[in-house]
Amino acid sequence: MLDQPGKINLTVVTAGHIVSTPRMLKAADAFCEAGHRVHMVSSEHVDWCIKAGNQVKSVRPWSHASVNWSNTSSRLYRISRWRHKIARTLASVLPESAISLSLAANATCRVAPELIRKTTERPADFIYAGTAGGVAVAALAARKMNVPFAVDLEDLHTAERPPSTRARTSHRLMYRVEREVLHEAAFCSTSSKPIATALEQQYGIQPAVIHNVSSLPTELPNLSKQDSGKLRVIWFSQQIGPGRGLEDLVPMCKRIGRPLHIGLLGSRTQFSDHLADEIEHTSPNVRVEFLPHCSPDEMVEVCRQWDVGLALEPGFSPNNSFALSNKMTTYMTCGLAIAATETAGQREPANELGPGVFYYQPRDAAALADGLRHWADDKVALLQAKRASWEAAVKRWNWDHPLEKGALVDAVARVVGRQQTICASC
C-alpha cells in the first residue's frame, strides 16, 4: 500500500467548494509539497465558486473530483434536497442513541453519499477532511476503505449559531457526529486556541491548532510612503450579510467626521444594499464600494490596496467569540492596519501585532470611529500600524511558519510512520 517510504496517496475532502474552504485548499497544497500524491474531493453548487475553483485547479498539481448539485432541475438536486430534509427531520425527533452515523451524515451534508462514493473511487492511504458536513463523510469513507483519517474542525460546530430550534438540531447533530468520530480519528486540527480548549473540555482530545493564516506574498507591501488621501478600509466574507459586525458601520460613519472609503467584498444581499444606502444618506463623506468575489489565490493582492482591514466579529455565539477570523490573518499578510473586535479568538495575535491593531468591544461604534479617526488624522501612526502588522505576519502569523503548515504536515507524517511500522511487522 505504501510503495514509497513516507509518501502516500492522500485524499483531502471538503463538503464545500474548494475556494470557500481555503484551509482545505492550503492543506492539499502542503501535502503535495511534502511529496504525497494528493487527490481532492469537494461539492459544488454556486456559480462563482465553480468558476473560481476551476481557475484554482488549473494551476495545482493535485487531482480533483467534485459532486455538482447546482442545477435546480437536475435529479441530484431534487433527490439530495428531500433526502437531506428527511434526515434532518428524523434526527430532530429520534433519541441520540438511535441516530446512526450514516443518518447523521445525510443530515449534516446534503450530498454525503455522493461525496463518500467519490472519495472511495480512488485508492487512498489516508483521508483528511474538513467542514461540518465533511466530518461524518470522512469517517464513513475511511471505514469503507479501511484506512486512517483525520478531521479539521475549523469551527466549534456544536456552538456555531445563536439559540433557535434549527440551531439546537444542528448542534445536537454535530455533537452526535463528533462524539463518535473524534476518538476514531488519527488526529484533529482546529483554527484557534480557544476552540481547541473547548474541544478538549467537550471530548477529552487535544487538537492541533492550525490557524487560518496565509503564505507571505512574493511582492512585499509598500510601507515607505504616507498616503495623504482619504482612509481606505476593507472587509470581506463569502456574503455581505447581517450578523458579521457590519451593523457597526452606519453609526460609526455618522461619528467619524472624516472622508472614508469602505470596500466590501462578497456576495451582495438586500442587507448590503440597504447598508450602503443608509451610509450614503447619513454620511455623505463616506464612499461604499462593492468589490467582486475573488479566489483565495487573489485575496492578498486585492486587500493590500487598502489601508485598514476590518475584523468585526460580533461574538453572537461561542464559536464566533472563540474563532480567529481569516480576516485578521489575511490583513497581516497584506501589511494592513487592523480594526478588530475584542473577542477571545481575535486576541490571540495581540502580542505580536502591538500597535498594528486597535481593539474595540462589539457594537461600540463610537470606539470604532475613534480608532479609525486617529489613523485618518495621523498618517505616521497609520504607517507604523501597517508596519507592525506586516512584521507580525513575517515573525509568526504566516502559513509557512513551522507551527502552521509544518505542524499539519508533521501530524500526517506521524500517522504514516505508524502505518509503515505496522505494515513492516505484518
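This is a predicted model: local features need pLDDT of at least 70, side-chain atom pairs count only at pLDDT 80 or more; totals for chains, interfaces and linings use all residues.
Q: How many residues does helix α3 have, and what span is expected at 1.5 Å a residue?
A: A helix can be checked by setting its end-to-end reach beside the expected span. Helix α3 covers residues 75-93, which makes 19 residues. From the first C-alpha to the last, α3 reaches 28 Å, close to the 27 Å expected.

Q: Which residues of α3 are buried?
A: Burial is read from relative accessible area, and a residue under 20% counts as buried. In α3 the buried residues are Leu76, Tyr77, Ser80, His84, Ala87, Arg88 and Ala91. Viewed down the axis of α3, these buried residues fall within an arc of 110 degrees, so they line one face of the helix.

Q: Which residues are exposed on the other side of α3, and what do its buried residues pack against?
A: Arg75, Lys85 and Val93 are exposed on the other side of α3. The buried residues of α3 pack against strand β3 (63-68) and against the helices α4 (101-108), α5 (112-121) and α7 (165-181).

Q: What covers the buried residues of α2?
A: Helix α2 spans residues 47-57, and its buried residues are Cys49, Ile50, Ala52, Gly53, Val56 and Lys57. Their cover includes helix α1 and the strands β2 (37-44), β3 and β8 (231-239).

Q: How many cavities of 30 Å³ or more are found, and which residues line the largest?
A: A cavity is a space where a probe fits but cannot get out. The search of the whole structure finds three cavities of 30 Å³ or more. In the largest cavity there is about 50 Å³ of space. Its lining consists of Arg23, Lys26, Ala27, Tyr128, Asp152, Ile210, His211, Trp399 and Leu408. Helix α1 (residues 22-33) supplies the largest share of this lining, three residues. By class, the lining of the largest cavity has five nonpolar, one polar and three charged residues.

Q: What is the volume of the second largest pocket, and which residues are closest to its centre?
A: A pocket, by contrast, is open. The second largest pocket has a volume of about 370 Å³. It is lined by 21 residues, and the closest to its centre are Asn222, Lys225, Arg232, Arg304 and Lys386. Helix α16 (residues 379-395) gives the most to the lining, with four residues. Eight of the lining residues are nonpolar, four polar and nine charged.

Q: Where does arginine 232 lie, and how is its accessibility classed?
A: Arginine 232 lies in strand β8. Its relative accessibility is 23%, so arginine 232 counts as partly exposed. Leaving aside neighbours within four places in sequence, its contacts are Asp227, His261, Gln305, Trp306, Asp307 and Val308.

Notes:
Residues are numbered from 1 along each chain as its sequence is written. Side-chain values use heavy atoms; hydrogens and water are left out. Helices (H or I, at least four residues) and strands (E, at least two) are DSSP runs, numbered from the N terminus. The expected span of a helix is 1.5 Å times one less than its number of residues. Buried means under 20% relative accessible area, exposed over 50%, partly exposed in between (1.4 Å probe, protein chains only). The arc is that of the directions from the helix axis to the C-beta atoms. Contact means heavy atoms within 4.5 Å. On a 1 Å grid over the protein atoms alone, a cavity is a set of points where a 1.4 Å probe fits but cannot get out, and a pocket is an open set with protein on both sides within 12 Å along at least five of seven lines; lining residues have an atom within 4 Å of a point. Grid points are joined across faces, edges and corners, and a volume is the space filled by probe spheres set on the points. Ala, Val, Leu, Ile, Met, Phe, Trp, Tyr, Cys and Pro count as nonpolar, Asp, Glu, Lys and Arg as charged, and the others, Gly among them, as polar.
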